[in-house]
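Biologist: Could you walk me through how to read helix packing and charge pairs in a model like this one?

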Amino acid sequence: MSLIQIIIILAVLSVWWRLFSRLRAQEIKRSEFWEWLLLWLVIGVVGLEPKIASYMADVVGVGRGSDLIIYLSILLVFYLLFKIFVRLEKFDKNLTKVVRAIAIQTTNKPNNKDQL
């Protein structure tokens with residue numbers, strides 16, 4: 001086993017431990033937990049047996065296994081950026097609703113400057 005394989009396995013185990021602790025603390029949903037667990041399982045398997053990536057690269061018509069991993073990583077990063085963008089847009093809309101509601105409530109109250 002090479003040094004990089006040991007590093008990958010330690011990283012995968014570390015992420016799994018963090019996933020389990022976040023699930024126990026109910027910081028992530030079960031579906032998110034299983035998605036991340038599966039992703040890191042695949043990373044661990046490919047880290048232990050790199051020939052799998054080369055085989056999959058041949059199947060899809062990519063030259064090398066490392067190229068396939070890079071292409072898939074870029075796709076994953078863009079997907080995650082899209083999810084973050086959607087979540088931020090939703091957060092922005094909800095924040096706007098709350099601010100509007102507070103503004104309406106404060107403008108509808110009688111002016112109590114004498115009580116300050």
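This is a predicted model: local features need pLDDT of at least 70, side-chain atom pairs count only at pLDDT 80 or more; totals for chains, interfaces and linings use all residues.

Modeller: Let's begin with a residue: Arg64 counts as exposed, at 52% relative accessibility. Its side chain meets that of Asp67 in a salt bridge, 3.0 Å from N to O. Asp67, by contrast, is buried, with a relative accessible area of 17%.

Biologist: What is the general idea behind such a pair?

Modeller: Side chains of opposite charge can pair when their charged atoms come close. Here the structure holds 3 salt bridges. Another one joins Arg22 and Glu27 at 3.4 Å, N to O. Arg22 is partly exposed at 31% relative accessibility, while Glu27 is exposed at 52%.

Biologist: And which residue forms a salt bridge with Glu32?

Modeller: Arg87, with the closest N and O atoms 3.7 Å apart. Glu32 sits in helix H2 and Arg87 in helix H4, so this pair ties together parts 55 residues apart in sequence. Glu32 is buried at 18% relative accessible area, whereas Arg87 is exposed at 56%.

Biologist: Then how should I describe the two helices?

Modeller: Two packed helices are described by the angle between their axes and the distance between the axes. For H2 (residues 30-48) and H4 (residues 65-108), the axes come within 14 Å and cross at roughly 165°. Angles over 145 degrees count as roughly antiparallel, so that is how H2 runs relative to H4. Their crossing is left-handed.

Biologist: Which residues in H2 and H4 meet?

Modeller: From H2, Glu32, Glu35, Trp36, Leu39 and Val46; from H4, Ile69, Leu76, Leu80, Lys83 and Arg87. That contact divides into 6 nonpolar, no polar and 4 charged residues.

Notes: Residues are numbered from 1 along each chain as its sequence is written. Side-chain values use heavy atoms; hydrogens and water are left out. Axes are lines fitted to C-alpha atoms, for helices over the stretch in contact, and angles run from 0 to 180 degrees between N-to-C directions. Helices (H or I, at least four residues) and strands (E, at least two) are DSSP runs, numbered from the N terminus. Angles under 35 degrees count as roughly parallel, over 145 as roughly antiparallel, 65 to 115 as roughly perpendicular and the rest as oblique. A crossing is left-handed if the near helix is turned anticlockwise from the far one by less than a right angle, and right-handed if clockwise. Contact means heavy atoms within 4.5 Å. Ala, Val, Leu, Ile, Met, Phe, Trp, Tyr, Cys and Pro count as nonpolar, Asp, Glu, Lys and Arg as charged, and the others, Gly among them, as polar. A salt bridge is a side-chain nitrogen of Lys or Arg within 4 Å of a carboxyl oxygen of Asp or Glu. Buried means under 20% relative accessible area, exposed over 50%, partly exposed in between (1.4 Å probe, protein chains only).
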